[in-house]
Every structure is written in C-alpha cells, then in structure tokens.
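Here are my notes on the model. Please read them with the structure open.

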Amino acid sequence: MLSTPMTTLNNRLQLALLNRKKGKNALEKGFTLVELMIVIVIVGILSAVALPNFLSQTERAKATEGTSKLSGLLKEAHAEYQLAGTEADAVSGMSASITNANAGSIFTYNLTEDGSGVITGTATANTSGSSNYDASIASKLLYGCVNVSTGKTDISSRLLSSSSSSDVSCN
C-alpha cells in the first residue's frame, strides 16, 4: 500500500515539472521585434559588402576564359609558324582552331600577322546577334601577341573597352 501513494506522488511531481516547463510566458516563446531588426541590419550590411565583390568576380571569370583560349591559340600559332615557316601560313593554318575556339564562347577570337615577326590576337565579346551574347561585357576585348622568333607571349590580364589601344607588347 505504501507504493501506491509514492507512485502517485512521483507522477504528480513529474506532471508538475512538465507543466512548469510548458508554462513559459509569451515573451520567452519567440524572437522580439528588436532581435529580428538587428538580424536584418546585419544581413543587409554583409550583403552590401559582399555583393560588389561577387559581381566583379563574374567579370574576372569571363576575362579568364578569354585569356586562356587566346593564350592557347597564340601558342598554337607559334607551333604552326615553326612548322610552316611563315607567319601568314601559320595564321591561315589556324582557321580550324579559331572556329573551334569561337564555338560556344562568349568571345570571338581572331589572329593576324603583319610580317614583323609578331602574330597578334584579339578576343572580342560577342555582339547582340550571337546566342552567346553577354551584356555585362558588351564592347569589351582582350589583346594578345606572340613573338614568333622567341615564342614570348603577352596577353591582356583584364577586359578592355573596345576603344582602348593594345596593352601588350611582344617585341
């Protein structure tokens, strides 16, 4: 008989503890308006700092695509020059490689020679008529060159406006 009152007492004690935990007032159940406003301000400040850096990274990535493909084309043109013996033959032998580089790219690549021992290349952002048009880099380009006698290449490290002159030198 003693076990029944003790069991009842334990049950009542457990029930009282559970009710005490559930009985928190309304202020302890959620976030206050001040706490929510502080979080919103912190998120706003972080996005204001991070967003410009993120947007500039996309332009850098596009420039990296252009520089890597242009570099590959110029190095291949130098190899063609070593096989063909003239700059004109090297540039004309590159037509298939240029066509492949242009396919699916946001840039249009072009190689030229002027008989001075340097093959120059440009990567021009595709125009609005292209399926790969990118408005963020419209009218931007990259320059590159390779000195056919030494094999030295120089390529723009950033996107330039179409009105700017070449920033590379292979002499």
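1. Is Val 34 buried or exposed? Val 34 counts as exposed because its relative accessibility is 56%. The cut-offs: buried means under 20% relative accessible area, exposed means over 50%, and partly exposed is in between (1.4 Å probe, protein chains only). Val 34 lies in helix 2, residues 33-84. Helices here are DSSP runs of H or I with at least four residues, strands are E runs of at least two, and both are numbered from the N terminus.

2. A word on the source. This is a predicted model, where local features need pLDDT of at least 70 and side-chain atom pairs count only at pLDDT 80 or more, while totals for chains, interfaces and linings use all residues. Residues are numbered from 1 along each chain as its sequence is written, and side-chain values use heavy atoms, with hydrogens and water left out.

3. The overall layout. The protein has 4 helices and 5 strands. Their order along the sequence is α-α-α-α-β-β-β-β-β. Of its 171 residues, 26% count as buried. The accessible surface is about 11,300 Å², and carbon and sulfur atoms hold 60% of that. These areas come from the Shrake-Rupley method with a 1.4 Å probe; for residues, only the protein chains shown count as cover. Among contacts with a separation of 6 or more, 48% join residues 24 or more positions apart. Contact means heavy atoms within 4.5 Å.

4. The salt bridge. The count is 1. The rule asks for a side-chain nitrogen of Lys or Arg within 4 Å of a carboxyl oxygen of Asp or Glu. Glu 65 and Lys 69 meet it at 3.7 Å, N to O. Both lie in helix 2, 4 residues apart, about one turn of the helix. Glu 65 is partly exposed because its relative accessibility is 23%. Lys 69 is also partly exposed, at 28%.

5. Leu 73 and its neighbours. Leu 73 is in helix 2. It counts as buried because its relative accessibility is 4%. Leaving out residues up to four places away in sequence, Leu 73 touches Met 94, Ser 97, Ile 98, Ala 101, Tyr 109 and Leu 111. Leu 73 and Ala 101 are 28 residues apart in sequence, yet 8.2 Å apart in space, C-alpha to C-alpha. Ser 97 sits in helix 4, residues 95-102. Ser 97 is buried, at 17%.

6. Strand 3 and its partners. Strand 3 (residues 140-147) is mostly covered, with 7 of its 8 residues buried. Two strands pair if DSSP finds at least two bridges between them. Strand 2 (residues 118-125) runs antiparallel to strand 3, joined by 7 bridges. Here Thr 124 stands opposite Leu 141. Strand 5 (residues 160-161) pairs with strand 3 in the antiparallel sense over 2 bridges. Lys 140 has Ser 161 as its bridge partner in strand 5.

7. The hairpin. Strand 4 (residues 153-155) runs antiparallel to strand 3, with 3 bridges. Gly 144 has Ile 155 as its bridge partner in strand 4. The hairpin of strand 3 and strand 4 has 5 residues between the strands, and Gly 151 takes a positive phi near 80° there.
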